[in-house]
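This report describes a sheet, a pair of helices and one further helix. Please examine the structure before reading on.

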Amino acid sequence: IELVAPKESRVLIAGEKGTGKELVARAIHENSRRKQSPFLKVNFGVTPEEMAEEELLGYVKGAFPYAVADKKGKLLLADGGVLLLESVERMTPKLQATVLRYLEERRVEPLGSPEAFEPGVRLMATTTVDLSEEVVKGRFREDLLLLLGVVTIPIPPLRERKEDIPLLAYYILEKLKKRMGKAVKAIAPEALDLLSGYPFPGNVRELENI
């Protein structure tokens with residue numbers, strides 16, 4: 001994170017659900033020259049294809065029946081800052097082509113607009129799968145992976161870094177103390193032992209919930 005933050009490189013953050021991929025992206029942003037600029041995101045895991053394209057590119061009034069006013073897409077709204085593309089493995093072929101075109105041309109054409117714009121956006125992306133395997137299976141474009149993953153940061157699951165559990169537990173405890181107005185001073189050694197022996201399929205997110 002310290003190495004890549006000052007650069008303008010695109011970053012692909014890979015890890016299981018709940019490992020803290022967005023936190024890594026935000027840490028990169030907050031330690032970069034763009035830290036005073038917007039940090040926006042589009043989640044392809046929850047946004048339908050057509051809505052995702054509208055969210056990325058925006059549209060002009062009259063582009064389709066419900067386009068009653070112009071709407072800026074997040075590639076334009078994030079100008080000068082960062083746009084995080086979440087769950088890129090869930091992008092349809094059409095969306096992959098849309099993102100690839102932007103990365104190659106650095107231009108944005110809102111839907112229904114004859115005008116193109118050139119926002120200065122730093123793209124970061126997250127994935128929960130091995131995208132190189134998705135390329136082999138024909139589900140992800142190799143040219144897009146090469147452009148998104150200029151730098152790749154893998155985040156190991158919590159079960160593979162159990163030495164972090166006490167550190168994370170106390171960090172989370174401090175947050176919860178402030179939020180709930182409690183004066184908890186410590187976690188019992190027996191409780192830490194139980195936590196350290198648990199596989200955490202939900203990773204850091206599950207640790208926080210517990």
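Two strands are said to pair if DSSP finds at least two bridges between them. Helices (H or I, at least four residues) and strands (E, at least two) are DSSP runs, numbered from the N terminus. The model is predicted: local features need pLDDT of at least 70, side-chain atom pairs count only at pLDDT 80 or more, and totals for chains, interfaces and linings use all residues. Residues are numbered from 1 along each chain as its sequence is written, and side-chain values use heavy atoms, without hydrogens and water.

**The sheet.** Five strands, in the order β2-β5-β6-β1-β7, form an open sheet with parallel pairing. At its edges lie β2 and β7, each of which pairs on one side only. Five bridges join β2 to β5, and N43 stands opposite E86 in β5.

| Strand | Residues |
|---|---|
| β2 | 39-43 |
| β5 | 82-86 |
| β7 | 151-154 |

**Helices α2 and α4.** Helices α2 (residues 49-57) and α4 (residues 93-105) have axes, lines fitted to C-alpha atoms over the stretch in contact, that come within 10 Å and cross at roughly 10°. The two helices are therefore roughly parallel (angles under 35 degrees). Contact means heavy atoms within 4.5 Å; among the residues making it are L56 of α2 and V99 of α4.

**Helix α7.** The 16 residues of α7 (residues 165-180) should span 22 Å at 1.5 Å a residue, and the end C-alpha atoms are 22 Å apart, which agrees. The expected span is 1.5 Å times one less than the number of residues. Just after α7, G181 takes a positive phi of about 65°.

Notes. Axes fitted to C-alpha atoms, helices over the stretch in contact; angles between N-to-C directions. Parallel < 35°, antiparallel > 145°, perpendicular 65-115°, else oblique.
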